[in-house]
Amino acid sequence: MTKLDLHDYVASVKDYPEAGVTFRDISPLMGNGAAYRQSINQIQEFANDLNVDLIAGPESRGFIVGSPLAYALGVGFVPARKVGKLPRKAVSASYTLEYGGVNELEIHEDAIQPGQRVLIVDDLLATGGTINATRKIIEELGGVVAGVAFIIELEALHGREKIMEAGEVPFLALMEY
């Protein structure tokens, strides 16, 4: 099978959600079966050597990447939800949004057992706040962050560096902008 250039399946929307920002939209990638499959397969190849027990993905695009990846690996998926969306007792962490303001994520307190190895995945890495909040919860629950993986990394926002400040972990980004 011919390897696709995934950049061809990312729409760039200028001045969205605010002036001066170019939004990288993976909707065309998800809408193309071959590109979506290739993305998940490439992340699966990365994950194969990490001995993961679970995949965690922050709301909501992390679900789109994480669920098919967990299925492909034969492991469970743990959603990191926005606060107030989970019905049972949860552990939470807050983070600063890239456009200002603060948000909060939570994971059910029984979703991750001590020592379980968890790969965090999302569609896009910007400032790293969402991933570090997810990581904080996983570690508070006794899990081990086995790595992080993204379809896109926005290099100018230095999210990778912020993630690594919390401790080095294996890292994958399929595309950089």
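Colleague: Where is Ala90 found?

Modeller: This is a predicted model. In it, Ala90 sits in strand S5.

Colleague: Why is Ala90 called partly exposed?

Modeller: Its relative accessibility is 27%. Buried requires under 20% and exposed requires over 50%, so Ala90, at 27%, counts as partly exposed.

Colleague: What is Ala90 in contact with, leaving aside its neighbours within four places in sequence?

Modeller: Glu106, Ile107, His108 and Glu109. A contact here takes heavy atoms within 4.5 Å. As for Ile137, which is 47 residues from Ala90 along the chain, the C-alpha atoms of the two are separated by 9.5 Å.

Colleague: What makes S5 an edge strand?

Modeller: S5 (90-96) pairs on one side only, and S9 is the other edge strand. The open sheet has 7 strands in the order S5-S6-S4-S3-S7-S8-S9, with mixed pairing. On average, neighbouring strands of this sheet are turned by 20° against each other, direction ignored.

Colleague: How many bridges join S7 to S8, and how many join S8 to S9?

Modeller: S7 and S8 run parallel and are joined by 8 bridges; the bridge partner of Leu125 is Glu153 in S8. S8 and S9 also run parallel, with 5 bridges, and Ala149 has Leu172 in S9 as its bridge partner. Each pair therefore passes the requirement of at least two bridges.

Colleague: What makes S7, H4 and S8 a right-handed unit?

Modeller: The view is taken with the strands pointing away, and right-handed means that the path from the first strand over the helix to the second runs clockwise. S7, H4 and S8 make a right-handed β-α-β unit, and so do S8, helix H5 (residues 159-165) and S9.

Colleague: How does the span of H4 compare with the expected one?

Modeller: Helix H4 (residues 129-140) has 12 residues. From its first C-alpha to its last it reaches 16 Å, close to the 16 Å expected at 1.5 Å a residue. Its buried residues include Gly129, Ile131, Ala133 and Ile137. Just after H4, Gly142 has a positive phi of about 95°.

Colleague: Why is S8 called mostly covered?

Modeller: Of its 10 residues, 9 are buried, and buried means under 20% relative accessible area.

Colleague: Which residues touch the most other members of the largest nonpolar core?

Modeller: Ile43, Leu119, Val121, Ile151 and Ile152, in a core of 27 residues. H2 (33-48), H3 (61-73), S7 (117-125), S8 (144-153) and S9 (171-176) each supply at least two residues of this core, and H2 gives the most, with 5 residues. A second, separate core has 26 residues, among them Tyr95, Val118, Ile131 and Phe150. In soluble globular proteins, nonpolar side chains tend to be buried together.

Colleague: What is Ile152 in contact with, leaving aside its neighbours within four places in sequence?

Modeller: Its contacts include Val10, Ile26, Leu124 and Met175.

Notes
Residues numbered from 1 in each chain as written. Predicted model: local features only at pLDDT ≥ 70, side-chain atom pairs only at ≥ 80, totals over all residues. Heavy atoms only, no water. Helix = DSSP H or I, 4+ residues; strand = E, 2+ residues; numbered from the N terminus. Expected span 1.5 Å × (residues − 1). Buried < 20%, exposed > 50% of the residue type's maximum accessible area, 1.4 Å probe, protein only. Core = buried A, V, L, I, M, F, W, Y, C linked by side-chain atoms within 4.5 Å. Axes fitted to C-alpha atoms, helices over the stretch in contact; angles between N-to-C directions.
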